[in-house]
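Have the structure open and follow along.

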Amino acid sequence: MPLWAQGGVEGVPDAVTAVLEESPLLVAVAVVGAIALLFGLWWAVDRFRTPPARRLEQVLRSRDAVAVLMHPNPDPDAMSSALAVGEMAERTGTDATLQYPGQIRHQENRAFQTVLDLDFDRIESVEELAAEDVVLVDHNEPRGFPGAEGIDPIAVVDHHPGDGDGEEFTDVRTDYGACATIFAEYFDSLGWEFVDPEVETDGGEGAGESVPASVATGLLYGIQSDTKQLTKGCTAAEFRAAEYLYDGIDEDTLDRIANPQVDEEVLDVKARAITRREVRNAFAVSDVGEVSNADAIPQAADELTRLEGVTAVVVLGEREGQLHLSGRSRDDRVHMGKALEAAVEDIPMASAGGHARMGGGQVSIEHMEGLGPSEGVPREEFKRRLFDAMTGDV
């Protein structure tokens, strides 16, 4: 019979005393465990009740400086997302430097940077990061420069598939059409209003809880750019974000960004993509050869999707020893990201992936020709692989 039962209710205190005297270590462990459990429950409830925007603010506020890192060759979605983090950091008293590897060459991207007069810092190695604490936007795994693989970001905000996360904050929504949508939701949840585009403001503390016209315009164009003007890959969140941002945009600025002059080479590459296309059933592959502007390749892929009867396309072009791939699909049978990934799977130093409707990749020409452990893949054989991947045979 247990101790407490031997003496009735009156025996309980004596039983407790006996346990404390006989097993003080066991009792201490139980107390520590209970405290840890209570703390864990408090943390989970607090995390559940605190909106993502507030949690990101807390992370930024705990740092003196951060490097906001965009993916290589950043587009309007990445640039506007970095701009949004910079705005949040300014309100928390944190110094934010907006950085990127690669280049800004696409005429749309250059216009975005120029018209909004954005101050971005280009880096070539990890040593050039402006701060030890890194925030990733529009990608979840650092890439594109020496030392990138050693970065452990403190925060990640993205809408692409991937395994990367932040040490203290992660918000990856793969069902969203644009990363800018997430930041529009942050501002909305924080109750931020808009600065009248006609009114000059210096930002900072004097600006109050408001979104400058440049940031609102940038976020809206980031959403438009990544969703083909709200026609592809959209969710209801994109439309809600666009409605929220509309009151704060500068229409003239938006028009200037959306209608830049087109580089002559881009038109030439588009023409080569059309004339060199190979079509099998409803799929097209086009090798445009050597290019000096790799951004012309995805634009050529966009152009090929306009061809009647073609539902999925891949355009490939060579620049500085790399074969750049860009694919587009409006065919429910073809997940373009997975198709490109399958096509390059056994080629060393090759990478590819993306969404169902859009994908990209890079292949080392030397490795495709046989450098390394593989036997190599001839260019014509590689194009056949791309067709097979789109049909699901790879």
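In this predicted model, start with helix α4, residues 52–61, and helix α7, residues 179–189: the two pack with their axes 8 Å apart, at an angle of about 90°. Anything from 65 to 115 degrees counts as roughly perpendicular, so α4 and α7 are roughly perpendicular to each other. Zoom in on where they touch. On the α4 side you'll find Pro 52, Ala 53 and Leu 56, and these meet Phe 183, Tyr 186 and Ser 189 of α7. Sort the residues of this α4–α7 contact by class and you get five nonpolar ones, one polar one and no charged ones.

Now move along to helix α12, which covers residues 296–304. Which of its residues are buried? The list runs Ala 296, Ile 297, Gln 299, Ala 300, Ala 301 and Leu 304.

Time to zoom out. The protein has 15 helices and 14 strands, and 49% of its 394 residues count as buried. How do the contacts span the sequence? Take those between residues at least 6 apart in sequence: 62% of them join residues at least 24 apart.

Technical notes
Residues are numbered from 1 along each chain as its sequence is written. This is a predicted model: local features need pLDDT of at least 70, side-chain atom pairs count only at pLDDT 80 or more; totals for chains, interfaces and linings use all residues. Side-chain values use heavy atoms; hydrogens and water are left out. Axes are lines fitted to C-alpha atoms, for helices over the stretch in contact, and angles run from 0 to 180 degrees between N-to-C directions. Helices (H or I, at least four residues) and strands (E, at least two) are DSSP runs, numbered from the N terminus. Angles under 35 degrees count as roughly parallel, over 145 as roughly antiparallel, 65 to 115 as roughly perpendicular and the rest as oblique. Contact means heavy atoms within 4.5 Å. Ala, Val, Leu, Ile, Met, Phe, Trp, Tyr, Cys and Pro count as nonpolar, Asp, Glu, Lys and Arg as charged, and the others, Gly among them, as polar. Buried means under 20% relative accessible area, exposed over 50%, partly exposed in between (1.4 Å probe, protein chains only).
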